[in-house]
Amino acid sequence: MADQENKRVTRMAKKRAMEAIQSQLQPAKKNRVVLGELSNNATVSSDYNIGSDTAKVQNPKFKSKKVKKAVKAALEKQELILEKAEKLSDPQMCETYVSDIYEYLHDMEREAKRRPMADYVQKVQKDVTENMRGVLVDWLVEVAEEYKLLSDTLYLTISYIDRFLSTNALNKQRLQLLGVSSMLIAAKYEEISPPHTEDFCDITDNTYSKQEVVKMEADILKALKFEMGNPTVKTFLRKFMRIAQEDHEMPNLQLEFLGYYLAELSLLDYSCLKFLPSMVAASVIFLSRFTLNPTSHPWNSALEKLSGYKSSDLKECVRILHDLQSSKRAGSLVAVREKYKQHKFKCVSELSSPSTIPASFLDVQE
């Protein structure tokens, strides 16, 4: 009995001790205050909107229109800040350095060592004609399609051909060899997985051996002094196209593909060699915008500032491109036209522009 009594006392003692501990752990009970009952001297968190005399809860409908407008304006401002931040944080956009980059590219495109002669057919070549050059370029467009090469590879290929022919007279039987060897070099420069030398032999139905292609490749590299990375029309077209689309909420693919189409047409025409790549790119943008919207002036201050060209500067180049688009020039060369008839390019080669471009658009006084 004594043991049972001791156990009972021990249990009671433990219970009282536990109750004491729990009472210490419990948080003190807070006195909650109703805002309407606060006195003048009451101190309230600044989170509440309380008048100096009497504390009041604001009516949620009070000035709701003004609040909504303010919130909307704040959100729009925030979106603009985020958009600018995104551009600055995107390393591919290079927004901080873009003006310096394009100034450098403009300087580079003017360097004599990167420019073909505008009249090399007349002054250097004895066996190669303008028409032969056009046929070669047209065929190389098909080759690039066959091997799914980047358009940058095609542009560099034509640049290498024209630069080589500016200093080296060539027999017409070797013109196709020059074409495939130039494309082999350009593919090695631009492509992740360029075609093999044997592929370029096959595409000529083995008219040339692997050794001949490799030998011509070496001759081209020596003639160009290994200066292979010059800017092309496509280089400038990318940037100009961004500015040309600023008035569109979504990318205008039709405008983009039309620009690529007209730019590739320019490769066919020997007379375009006298223009800098940036001028051809600017003229492409001008004619593309005119084709899609012939009633509005296709040039604006943003494009003028970025490209460095006024619309009057583009007059001759735009008219040549316009003739190419309407098949008045290079009408028998169909590879580019067939390429851009495909639905994946929105059939832009089937688009046509008015037969004449208003003189006011080119700032020409007649």
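Contact here means heavy atoms within 4.5 Å. By that definition, residues 24 or more positions apart account for 76% of the contacts in the chain with a separation of 6 or more. The structure is a predicted model, in which local features need pLDDT of at least 70 and side-chain atom pairs count only at pLDDT 80 or more, while totals for chains, interfaces and linings use all residues. Residues are numbered from 1 along each chain as its sequence is written, and side-chain values use heavy atoms, with hydrogens and water left out.

The overall make-up of the chain comes first. The chain has 15 helices and zero strands; helices (H or I, at least four residues) and strands (E, at least two) are DSSP runs, numbered from the N terminus. Of the 366 residues in the chain, 40% are buried, where buried means under 20% relative accessible area, exposed over 50%, and partly exposed in between (1.4 Å probe, protein chains only). The chain exposes about 22500 Å², and carbon and sulfur atoms supply 52% of this area. Accessible areas come from the Shrake-Rupley method with a 1.4 Å probe; for residues, only the protein chains shown count as cover.

A salt bridge is a side-chain nitrogen of Lys or Arg within 4 Å of a carboxyl oxygen of Asp or Glu, and the structure holds 16 of them. One of these joins Lys113 and Glu227, whose closest N and O atoms are 3.2 Å apart. This pair links distant parts of the chain, 114 residues apart: Lys113 sits in the loop between helix H3 (98-110) and helix H4 (120-123), and Glu227 in the loop between helix H9 (210-223) and helix H10 (233-244). Lys113 counts as partly exposed because its relative accessibility is 48%. Glu227 is also partly exposed, with a relative accessible area of 23%. Both residues belong to a network of salt bridges that links Glu111, Lys113, Arg114 and Glu227.

Another salt bridge connects Glu198 with Lys210, with 3.0 Å between the closest N and O atoms. Glu198 lies in helix H8 (residues 197-203) and Lys210 in helix H9, so the pair ties together parts that are twelve residues apart in sequence. Glu198 is partly exposed at 38% relative accessibility, and Lys210 is partly exposed with a relative accessible area of 38%.

Lys339 and Glu264 form a salt bridge too, their closest N and O atoms being 3.0 Å apart. Here again distant parts of the chain are linked, with Lys339 in helix H15 (residues 335-339) and Glu264 in helix H11, 75 residues apart. Lys339 and Glu264 are both buried.

Two individual residues complete the picture. Asp152 is found in helix H6 (residues 151-165). Asp152 counts as buried because its relative accessible area is 13%. Not counting residues up to four places away in sequence, Asp152 touches Glu190, Lys234 and Arg238. Asp152 and Lys234 are 82 residues apart along the chain, yet their C-alpha atoms are separated by 6.7 Å.

Ser271 lies in the loop between helix H11 (253-268) and helix H12 (277-292). The side chains of Ser271 and Asp269 are joined by a polar contact of 2.2 Å. A polar contact is a pair of N or O atoms within 3.5 Å; within protein, one must be able to donate a hydrogen and the other to accept it, and residues adjacent in sequence count only if both atoms are side-chain atoms. Leaving aside neighbours within four places in sequence, Ser271 is in contact with Ile320 and Arg329.
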